[in-house]
Amino acid sequence: MEEKTGHIVNTCSFAGIKPIIMDLPYPTIQVKEKNQAYANLLSIDYCGSVSELSAIAQYINNENCLSARNCPLAKTILGIAMAEMMHLQKLGELISLLGGNVDFMARQQNGRQKMWTPEYLTISKNPQKMLLADIEAEKGAVSQYRMHIQMINDNCIKDVLERIIMDEEYHIMLLQILMKEVS
C-alpha cells in the first residue's frame, strides 16, 4: 500500500492469478440417473455451513483484508478461492443433473432446509487466525465429502467428490505452510 497524491492505493496486483488446484483433470460431470436425495446431499456441500460457497466468501474476505499488507499471502488466498469457485460450479452442475435446484438452500435429510448465510463464516483481521479458520474449514469439507461419498451409490458423483478432496487436501498443506510463515 502506498500513498499517491493524497490517496491510499493498494499496489497488490492480482493479474495472472490462477486457481490453485492439483495438476489433474476433473472427471466428466455426469450422473447415472436423477436422484433428489443425492442432489440434497450435494446442496449441503454447495451452500451449507461447511460448503464451497462458505469457503469462497471466507477466502475473498481474507484476501481483501490481507492484500494491502501481505500481497503474496493475499494472492495465494485468492488462488485457493478460485479453486473453490470451480468446485462450486461442478457441484451445481451435478445438482442440476440429479434433478435438484441450485438456489442456495441446503437441504437436510430430515426435510429441513436453510438458505446460505454469512453467519457461517469465521472472520478475523489476524492473519494467523484467518489461516487457522481456513485450515479448519478445509478439514471440515474433506470430512463432509468423505461422509457423502459413503452415502452415495453413483461412481460418477463419487469420482468428482474424490477429485475435489484432492484439491482440498492440497489447500490444507499450503495453508499449513503459510501458517508457519506468518507465525
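Author: Happy to! Let's look at a pair of helices. Keep in mind that this is a predicted model. Helix α3 covers residues 71–97, and its axis lies 13 Å from that of α4. The two pack at an angle of about 25°. Because angles under 35 degrees count as roughly parallel, α3 and α4 are roughly parallel to each other. Their crossing is left-handed.

Now follow α4 by itself. This helix takes in residues 127–151, which makes 25 residues. From its first C-alpha to its last, α4 reaches 36 Å, close to the 36 Å expected at 1.5 Å a residue. Look at the start of α4 too: there, Asn-126 has a side-chain oxygen that comes to within 2.8 Å of the backbone nitrogen of Gln-128.

For one more stop, move to helix α2, residues 52–66, where you will find Ser-54. Is Ser-54 buried or exposed? Its relative accessibility is 5%, so Ser-54 counts as buried, since the cut-off for buried is under 20%. Leaving aside residues up to four places away in sequence, Ser-54 touches Gly-48, Ser-49, Trp-116, Tyr-120 and Leu-121. With Trp-116 there is also a polar contact, side chain to side chain, at 2.8 Å.

Key. Residues are numbered from 1 along each chain as its sequence is written. This is a predicted model: local features need pLDDT of at least 70, side-chain atom pairs count only at pLDDT 80 or more; totals for chains, interfaces and linings use all residues. Side-chain values use heavy atoms; hydrogens and water are left out. Helices (H or I, at least four residues) and strands (E, at least two) are DSSP runs, numbered from the N terminus. Buried means under 20% relative accessible area, exposed over 50%, partly exposed in between (1.4 Å probe, protein chains only). A polar contact is a pair of N or O atoms within 3.5 Å; within protein, one must be able to donate a hydrogen and the other to accept it, and residues adjacent in sequence count only if both atoms are side-chain atoms. Contact means heavy atoms within 4.5 Å. The expected span of a helix is 1.5 Å times one less than its number of residues. Axes are lines fitted to C-alpha atoms, for helices over the stretch in contact, and angles run from 0 to 180 degrees between N-to-C directions. Angles under 35 degrees count as roughly parallel, over 145 as roughly antiparallel, 65 to 115 as roughly perpendicular and the rest as oblique. A crossing is left-handed if the near helix is turned anticlockwise from the far one by less than a right angle, and right-handed if clockwise.
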